Structures are given as C-alpha cells and as structure tokens.
Amino acid sequence: MDYKLRKAEPKDVPDILRLVKELAKYEEMESQVTLTEKDLLEDGFGETPFYHCIIAETQGENGGEDLNVVGFAMYYFTYDPWVGKQLYLEEFYVMDKCRGLGIGSGILRHLSDLAMKTRCTGMMFVVAENNEPSVQFYKRRGAEDLSQEEGWRLFRFDKDSLVKMATPAEE
Amino acid sequence: MANFVLRPAQPKDVSDILRLIKELAKFEEMEEKVVLTEKDLLEDGFGEHPFYHCLVAEVPRDHCSQGFSVIGFAMYYFTYDPWIGKLLYLEDFYVMQEFRGLGIGSQILKVLSEIAVKTRCSSMHFIVAENNKQSIEFYKRRGAADLSSQEGWRLFEIQKEDLLKMTAK
C-alpha cells in the first residue's frame with residue numbers, strides 16, 4: 001500500500017482528534033479525551049504552536065482521488081539542561097488495518113530526520129510498561145529504558161493541586 | 001523569612017543559570033555531562049522561539065557567601081497531552097544549599113502553579129529519581145501523584161547515534 005507522510009494542516013484537525021480517540025479507545029480510556037477540535041486548532045495552528053503533527057495518508061480503496069488519514073505522530077520540543085533541545089514524541093498511532101506496512105517505521109524515520117535537522121540531541125517518549133510490542137519496537141531501534149537504567153519516575157500535579165498551591169493558605 | 005525576589009530570567013542571567021545547572025549536575029555526580037554553553041542557553045531561551053523558560057531567585061549579593069545574587073532557579077516549558085491539552089513541564093528546579101529551608105522552593109512552586117493556571121494548563125508534570133526520597137516527599141506533600149507507580153509509565157530515550165542510524169535506513 002502506498003502512503004504519504006506530510007506535516008499536518010488545520011484541515012486535519014478532525015482526523016487528528018479521531019485518531020487520538022481511537023488510540024485512547026484501544027487503551028480503554030476514550031472518555032478521558034476532553035480535547036475538542038477547537039482546542040486542537042488553537043493550540044496547534046495559532047501564533048505559538050504547542051504541538052506538531054505528522055500525518056500518514058493512503059489512497060482510497062477504489063483507487064480514486066480520495067486520500068485517507070490512517071496514522072499520525074504528535075510531537076513537540078523539550079529542553080534538557082545538560083544537552084539542550086530534544087524532540088518529544090507524545091503520541092504515535094497507525095490504524096489497525098494499516099499495520100505491518102512500514103508506515104510506523106516511516107514515521108519514526110521522518111521524525112529522526114526532523115530531530116537531526118533541528119539539532120536535537122535525542123528523542124524521548126514514554127511507554128506503558130505492559131505494552132510489550134511497543135517496548136520491543138523501540139528497543140529494536142536503539143531506544144533505552146531510562147526508567148530502568150536511571151530510575152526516573154514520572155510525577156504529576158493535577159489541576160486541584162495546582163490551584164491549592166497557587167492560592168495563599170488561609171491565615 | 002529570607003529576603004529574596006523571584007522573577008522571570010533575562011538574557012543577563014544566562015551565566016548564573018549555567019552555573020546552577022552545573023551545581024545541580026555536580027550534586028548528581030554528572031557535572032561533565034553538561035555540554036550546554038551560555039551561547040546555547042542564550043539562543044535557545046531568548047531567541048525568536050524560546051525552547052525553555054526560567055524563573056530565578058535573587059538575594060542581595062552580600063547575603064551570599066560566594067557573592068552571587070542569583071541563588072536558585074526553575075526551568076520549565078509547555079508540553080501537550082492529546083487528551084487534555086497544554087501542560088506545564090518542570091524540567092530543573094534547584095536552590096543553593098545555603099539558602100535551603102527558607103521557603104524559596106515553596107515560593108517557586110507557587111509561582112509556577114500560578115503560571116500553569118493562568119496559561120490554562122491542565123497539570124504540571126516532572127520526573128524525579130526514584131531514590132531521591134527527600135524530593136519525592138517534598139512533591140507528595142503538595143499533592144503530586146507518582147504516575148510511574150499508578151499508571152506504569154516508563155521514560156524512554158533514543159539517542160543521536162541511533163536517530164542517525166534510522167535516518168540512514
């Protein structure tokens with residue numbers, strides 16, 4: 001199957017949201033996606049983009065003019081105070097029916113290229129520890145598990161905690 | 001209560017920021033891993049597109065035994081969660097030893113929380129080394145949840161040499 005990779009455009013926002021929800025559904029978390037097309041549009045295509053996307057497209061089944069969005073990667077740039085810019089891979093998904101065709105590898109290669117062009121020293125991402133296929137997919141390409149090697153644990157302050165910290169305590 | 005000021009970093013703070021990054025790295029016995037230069041920090045933080053933001057803590061110069069005025073900092077940037085949107089990511093957070101226990105760290109976290117709420121971030125994320133019990137307690141006391149523990153997330157990295165290998169394929 002022939003596919004094409006390109007930078008996402010504002011018109012892709014409905015497809016991006018569809019794929020985000022599909023991946024969330026696979027993780028049985030579809031109800032946790034509260035982001036809307038409006039958010040994705042403002043946050044990705046406004047004056048300061050907070051994320052970037054690569055889209056994978058294939059020809060329609062009847063070989064006509066139709067192009068279908070079948071996969072995507074969402075990324076942004078982070079900063080390591082020891083070495084500088086890094087590319088952070090936030091989300092990465094190819095529709096089930098299009099797996100095993102090299103689209104995932106193609107996306108990773110494209111991102112690696114981009115990371116080199118923008119002078120990033122590495123690419124980072126998180127993987128759920130029980131997601132064996134993904135862990136192997138990445139390790140085959142040289143990824144290291146920093147949680148294992150260096151003992152890093154990911155923490156979060158949710159909105160409630162932030163609001164509590166931001167407001168002065170009662171005297 | 002210590003006499004200190006918290007403010008956004010300016011280009012002139014770049015040498016102090018690098019000094020504090022190296023001090024924190026030294027504490028982790030990793031000082032030689034800091035390859036970033038003042039020039040990088042200047043371009044990356046104060047150019048057309050900032051890749052990071054910093055808050056710095058300042059005291060009167062004669063209050064610091066080594067004669068510095070900038071005695072603490074926090075480095076952060078914005079990330080994006082595809083389910084809920086913008087997040088504030090706390091990358092580095094350090095107060096010089098002689099200024100610990102004076103409420104500077106708490107105040108830095110408070111200002112960061114305000115920034116997060118103002119910029120409509122859904123939460124603040126950061127990583128902590130699992131053996132850094134003091135920091136873990138500091139954050140847990142303020143409501144932080146250990147997502148590695150709760151949700152099983154592991155942090156991965158593909159370094160430059162392997163990225164290059166992939167571009168060649």
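At what angle do the axes of helix α1 and helix α2 of chain A cross? They cross at roughly 115° and come within 9 Å. Axes here are lines fitted to C-alpha atoms, for helices over the stretch in contact, with angles from 0 to 180 degrees between N-to-C directions. Helices are DSSP runs of H or I, at least four residues, numbered from the N terminus.

Some ground rules. This is a predicted model, where local features need pLDDT of at least 70, side-chain atom pairs count only at pLDDT 80 or more, and totals for chains, interfaces and linings use all residues. Residues are numbered from 1 along each chain as its sequence is written, chains are lettered from A in the order in which they are written, and side-chain values use heavy atoms, leaving out hydrogens and water.

Back to chain A. α1(A) and α2(A) are therefore roughly perpendicular, the class for 65 to 115 degrees. The contact (heavy atoms within 4.5 Å) involves Val13(A), Pro14(A), Ile16(A) and Leu17(A) of α1(A), and Glu37(A), Leu40(A), Leu41(A) and Phe45(A) of α2(A).

In chain B, the axes of α1 (residues 14–27) and α2 (residues 38–46) come within 9 Å and cross at roughly 115°. The residues on the α1(B) side are Val14(B), Ser15(B), Ile17(B), Leu18(B) and Ile21(B).

Now the interface. The contact takes 68 residues from chain A and 70 from chain B. The two chains bury about 7,000 Å², 64% of it on carbon and sulfur atoms; buried area is accessible area (1.4 Å probe) lost on being put together, summed over both parts. In chain A, Tyr79(A), Trp82(A) and Phe155(A) lose the most area to chain B, together 15% of what that side buries.

Terms used. Helices (H or I, at least four residues) and strands (E, at least two) are DSSP runs, numbered from the N terminus. Angles under 35 degrees count as roughly parallel, over 145 as roughly antiparallel, 65 to 115 as roughly perpendicular and the rest as oblique.
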